[in-house]
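Good morning, and thank you for making time for this item.

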Amino acid sequence: MDEKTAETLAIAAGLQKAWAHHRADVLDALATLAAHKANLPRAANPAVEPVPPYRLERGA
Amino acid sequence: MSAHTLSLAEASRRIAAKTLSPSELLADCLARIAEVEPRLNACIRLMAEDAKAAARKLDDEAPRTPLHGIPIGVKDIIDVAGLPTTCHSAQRLDHVAAADAAVITRLRAAGAVFPAKLATHEFAIGGPAFDLPFPPARNPWNRDHHPGGSSSGSGAAVAARMLPAALGTDTGGSVRHPASHCGLVGLKATYGLVPREGVFPLAFSLDHVGPLTRTVEDCALMLGIMAGGDYTQNLAGGLKGLRIGYVRHFHETDQPADPEMAAALDEAARLMAAEGAILSDITLPRLQEFGAVNRTILYAEAGAIHEHWLKNSPEKYAGVTRRRLLPSQFVSATDHVQAQRRRGEMVTAVLEAFSRVDLLLTASSMDPACRIDDTQMVERTYPRQARTPFNVTGHPALTIMSGLHSTGLPLSLQLVAPAFEEARLLQAAAGYERAAPWKGMAPNP
């Protein structure tokens, strides 16, 4: 990822201070996340529900 | 035999028989801490005087539980009333706990005493690190190597015979990792079985509190108090007739293990079969998928916890913690839901496996502990493990020593049981422990 795009993402995430003082760590974080994203499997069924499901307690 | 070398169970038996007092046991443990702590950095804070006062009171009482007068170390993300819970971080140096964590309340009521808060990776994720308010714990088997983490001080303290047991926490394997590298028994019980109240969270839906001990019996005694119940009843049951699914692909193809680690796993499977277990191969989703799901959920949950500090005081984290937490601020809501959806399918896959077998046998770590100062090897080897799958699914998982590497460092294996079947898990681990020659091996830190 180029630095301009990384800066845009960092500022959008509110990480101005980290971008100013720990730029290499922010770039490292974006690369790490991209690697995990590549390995993240998608559910075969597009309608499958996530775990844990939201549940309203009885009597709430 | 010095009292600090006794197992928890043996110390408990002597206290019950009045041949050892809680004060004598504590004094010997404190002397051991004074001897080896300067070389291991396992402790963040000693509470010697508080513990001595508690032990003196217990000297005059009849034991109500097996933990009466037993000194237990506490990972410093777990609250003890009136003491700082630093999380090994400059972000939290001023935080003082108002109340005991629920698990401390249970242990204290059972008669345990708490002589030390123990080192951790910063916020249970960042370490080993040398740019924090406290130094990183070291491995008692070889002080140039790390002890595993994030419950690093817990592993080092119990392996070094400073304390008979310690509390750790486990979000992606952080009880079982130090157990693997320090030659201990580490248990992550079924999600929710041990209360998390008063424990600083890393990721709410993945976090577990668990014991690190030197024997399976000690682990069962700790769990009995931490979770409530008697987990010692089946310990003599052995392995005969248990159907064990061997998840080979984790360490053979997903993340090929160190050859000695792989050989030790095969030898353990052979030994379990010789003891009467029925071994078969089981296939689960790939480790890389489990890892990605675990990390995505962890990022989403930890990101909410750390958002304020990441935005306003990122300089107060160790570099490694900052690098491991910053991805949390970029994870998308869509990816989080995708991970939670896949998590459900992974639970189903493990449930399906348990329709055919009673337990699973897998690797824990793929490698023995690397040098603590070798940053590249730390980063390469930390994710090479098969523990995160069972944080994703919530099934109980136990790590136990499976031998010694040619470098002299411990090897390990992992056993996994269906939800709430901790008694069966401990039964099998005790059976393996009796058959394997590793019990009693100790480091010389």
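Before the first value, one term is needed: buried area is the accessible area, taken with a 1.4 Å probe, that two parts lose on being put together, summed over both. Please keep in mind throughout that this is a predicted model.

With that term in hand, chain B and chain A bury about 2700 Å² between them. Carbon and sulfur atoms account for 65% of that area. In terms of contacts, 32 residues of chain B touch 31 residues of chain A.

In one salt bridge, the side chain of Lys37(A) meets that of Asp335(B), with 2.5 Å from N to O.

On the side of chain B that touches chain A, the elements giving two or more residues are helix H10 (287-312), helix H11 (319-325) and helix H12 (333-353). By residue class, that side of chain B divides into 11 nonpolar, 10 polar and 11 charged.

Next, chain A by itself. Chain A has three helices and zero strands, and its pattern along the sequence reads α-α-α. Is the chain a compact globule, or more spread out than one? Its radius of gyration is 18 Å, well over the 10 Å that the globule rule gives for 60 residues, so chain A is more spread out than a compact globule. The C-alpha trace of chain A spans about 50 × 30 × 15 Å along its principal axes. Of the 60 residues in chain A, 27% count as buried.

Ile125(B) lies in the loop between strand S3 (116-118) and helix H5 (152-159). Its relative accessibility is 6%, so Ile125(B) counts as buried, the cut-off being under 20%. Beyond its neighbours within four places in sequence, the contacts of Ile125(B) include Leu202(B), Arg295(B), Leu298(B) and Arg324(B). Ile125(B) and Gly172(B) are 47 residues apart in sequence, with 9.3 Å from C-alpha to C-alpha.

The other residue, Thr362(B), sits in strand S9 (residues 359-362). Thr362(B) counts as buried because its relative accessibility is 0%. Apart from neighbours within four places in sequence, Thr362(B) is in contact with Val247(B), Phe250(B), Leu265(B), Ala386(B), Leu413(B) and Gln414(B).

Note on methods: Residues numbered from 1 in each chain as written. Chains lettered and ligands numbered in written order. Predicted model: local features only at pLDDT ≥ 70, side-chain atom pairs only at ≥ 80, totals over all residues. Heavy atoms only, no water. Helix = DSSP H or I, 4+ residues; strand = E, 2+ residues; numbered from the N terminus. Buried < 20%, exposed > 50% of the residue type's maximum accessible area, 1.4 Å probe, protein only. Contact = heavy atoms within 4.5 Å. Salt bridge = Lys/Arg side-chain N within 4 Å of Asp/Glu carboxyl O. Nonpolar A, V, L, I, M, F, W, Y, C, P; charged D, E, K, R; others polar. Rg over C-alpha atoms; globule rule 2.2 N^0.38 Å.
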